[in-house]
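Let's take a tour of a protein chain together. Keep the picture open while you read, and look for each part as it comes up.

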Amino acid sequence: KMTQQMRDLQLAQARKPPGPSSPNAAKRLYRNLSGKFRVNYTSFDEGSLVGRGEKEKLRKSYLFQSNAALFEAVELQDLDRVQELLKQYSPEELDLNTPNSEGLLPLDIAIMTNNTPIARALLQAGAKESPHFVSLESRSLHLSTLVREAEQRVNELTAQVVNEAPNTDCSEKEKQLKAWEWRFRLYKRMKAGFEHARVPDAPSNVHLSVASSSSVQVTFWEPLSVNSAVVTKYKVEWSCSPTFSPPLGEAVIDQLKNLHFTIQGLVSGTAYYVRVSAYNMKGWGPPQASVPPFAIPSNWREYDGRAPRRRGQAEALDHLLGQVKTVHQHCVCHEPCKNQPQSRKHSVSKSLKHLFHPGSKFLKTLKRGLYLTAIFYKDDNILVTHEDQIPVVEIDDTYSCLLMQDFLWFTKVSCMWDEVLWLRQCVTVSQSSCSCILQTRFKMLLAISQMQGLLGIQDLGQVFFEPIKDKQGNILIVTLKEVKTNQTFESVRWVPICKLQTSRKSVSSPEEPTALDTLLISVQDKLAYHQRSSHALSPGLYLGYLKLCSAVDQIRVLVPEQLPNILCHVKIRSNPNISREEWEWLQKMASVEEPVPAEPEPEADTSQNPLFQELQVAIRELMTLVNIPLQEAKDFRLYSQEVLDFGDKVSFLLLLPPSDDVCTAPGQNNPYTPRSGFLTLPLQIFELGEER
């Protein structure tokens, strides 16, 4: 019998403990129905276990019981229990794809009882159908055998219960009879579900797009009809012929979390036709051709043979830095030797002073001058000194007005914290020029080294985009860093942020707070900014809005508060690639100096140009986002010189205001700047954040 072959195969598998010797596994069926083996880790005390072998044996026993509990939950159509088990255990721990003694998998039962929610939950977890059902005939025969054997067992138990006098054995047989009657009904329902099912309809919304110069991507949805059995996999086929004769390749997709597939290794400039079909337990349904029917692998750079903007830039900068270090090698080799005696004496003096005053280098209060503070945070805690102060060191007590150029130079230093010692030595040699700028920057490097030494860490994090100033003449440069590991620091300790804010006594009035008080009041805002500025965009093509404003000493760029490392933007589509054909269309638009219309044009045939429609939708969304009336967008232009590629997964098209309004000068009326929910960052700060 087929079921006997299934049991033999099951017993031969070492992944599960041996099953009961009963050919029909009645004990297992009763165990499943009784529910007495539901898993509960709180029901035993691991401390009472003796020996590693006993613990491992008990662990395997509980995993085996969790597998039985999953079968039970599927059979009883308990969706909540199924989801709970899938969340609590991995597919491997549940033996999700190992057949039971009846040759069935949890997914088989869910599909043949037409329980779509449970089937989809199992599919999302990676469940498969039983490999034993190699054909429709084998599945039908197997179900008929299960029904017949269950019916036979019911008849046998019924006769035994009727003919025997009431006793303990009879009571046990009555329980078995109820279990087998329920099992008989389950198998009949599965058999009826299989017989009434039909092959699935074709997938819906099959969309084909160009992913690169050597690949195309197809996305699709489930079939619209819900009258057939649950779809368990899809097949993607491709060919250079619209008749798919001959076919070039196919791929079966059984991971159904994301219904898309990228066909790799194609020839640029060649048309490829794609179609998709769905599969359920009755077989493959009809294929659905994609829209558009074919795609030609290409990339916008092929239009004029342009090389990637950033190709080789990192290597070139590393080489340039190496050359600079070579030229200034005497800074490292000779300069410390000249001042060695004095330096050693000073070092010993500092060490002795630090021994008796461990917190003396961190400042408690600010005088009139320029200071550096480092904020390290982890969850809701922040690093403070032993005096419960945020770490602060002095840069220059005679510096009364921070020049923007000095601040921007400091932000560049934050990209090379590990090189501060080398920079200090080079700037020391250059001080012979007595430049005030060099003097200030050397003091900045000294303060950085001091902070690094006191904390015992090199990386001080990211510089906040603007310093904190107060009316007492104090200027505070702030760095921010999130600590994600259990890292140890010197001279500091962790405290909750809320505790620090409530326990610190302000030394200034609310009308004129000091820079330190301002920092403490706004620390959550700064931490939120730091976290948001490290968020990455999901893969796709975006439409960005470029808006600048200039001041006397800087240019600032408009960014959203929720994602300050990216321009104001909306997502056009999930595919980041611009094909050669799409770029040619954009170039034609730019050559006739026609803006992209934000409203559909009835006379324009856009059915063959999805990008046109996608841009119209994106422009409307972007204008709403930045609070600009849609009618004013008629004078806006798409930047047509290049697509801004950020790696292989994110790209941008830029929407520009009229040329006279791209950058607003001081005092100029600014009609294209939104009122709330946005920041204006110094352009150099934005560029650094973009690189991060």
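## The whole chain

Two residues are in contact when they have heavy atoms within 4.5 Å of each other. With that in mind, take the contacts in the chain between residues at least 6 apart in sequence: 73% of them join residues at least 24 apart. Bear in mind that you're looking at a predicted model.

What is the chain built from? You'll find 22 helices and 24 strands in it. Of its 692 residues, 46% are buried.

## Two helices side by side

Now find helix α4 (residues 79-88) and helix α7 (residues 116-124). Their axes come within 10 Å and cross at roughly 5°. Angles under 35 degrees count as roughly parallel, so α4 is roughly parallel to α7.

Which residues meet here? From α4 come Leu79, Val82 and Leu86, while α7 brings Pro117, Ile118, Ala121 and Leu122. Sort the residues of this contact by type and you get seven nonpolar, no polar and no charged.

## Two helices at an angle

Further along, helix α20 (residues 580-591) packs against helix α21 (residues 610-625) at an angle of about 60°, and the axes are 10 Å apart.

On the α20 side you'll see Glu582, Trp585 and Leu586, which meet Leu611, Phe612 and Leu615 of α21. The residues of this contact divide into five nonpolar, no polar and one charged.

How many disulfides does the whole structure hold? A search finds zero.

How covered are the cysteines? Cys663 is partly exposed, with a relative accessible area of 30%. Cys240 is also partly exposed, at 39%.

Finally, look for Ala551, in the loop between β17 (548-550) and β18 (555-560). Is Ala551 buried, partly exposed or exposed? Its relative accessible area is 38%, so Ala551 counts as partly exposed.

Now trace the chain from Ala551 to Thr664. These two are 113 residues apart along the chain, yet their C-alpha atoms are separated by 8.9 Å.

Definitions and conventions:
Residues numbered from 1 in each chain as written. Predicted model: local features only at pLDDT ≥ 70, side-chain atom pairs only at ≥ 80, totals over all residues. Heavy atoms only, no water. Axes fitted to C-alpha atoms, helices over the stretch in contact; angles between N-to-C directions. Helix = DSSP H or I, 4+ residues; strand = E, 2+ residues; numbered from the N terminus. Parallel < 35°, antiparallel > 145°, perpendicular 65-115°, else oblique. Nonpolar A, V, L, I, M, F, W, Y, C, P; charged D, E, K, R; others polar. Disulfide = S-S within 2.5 Å. Buried < 20%, exposed > 50% of the residue type's maximum accessible area, 1.4 Å probe, protein only.
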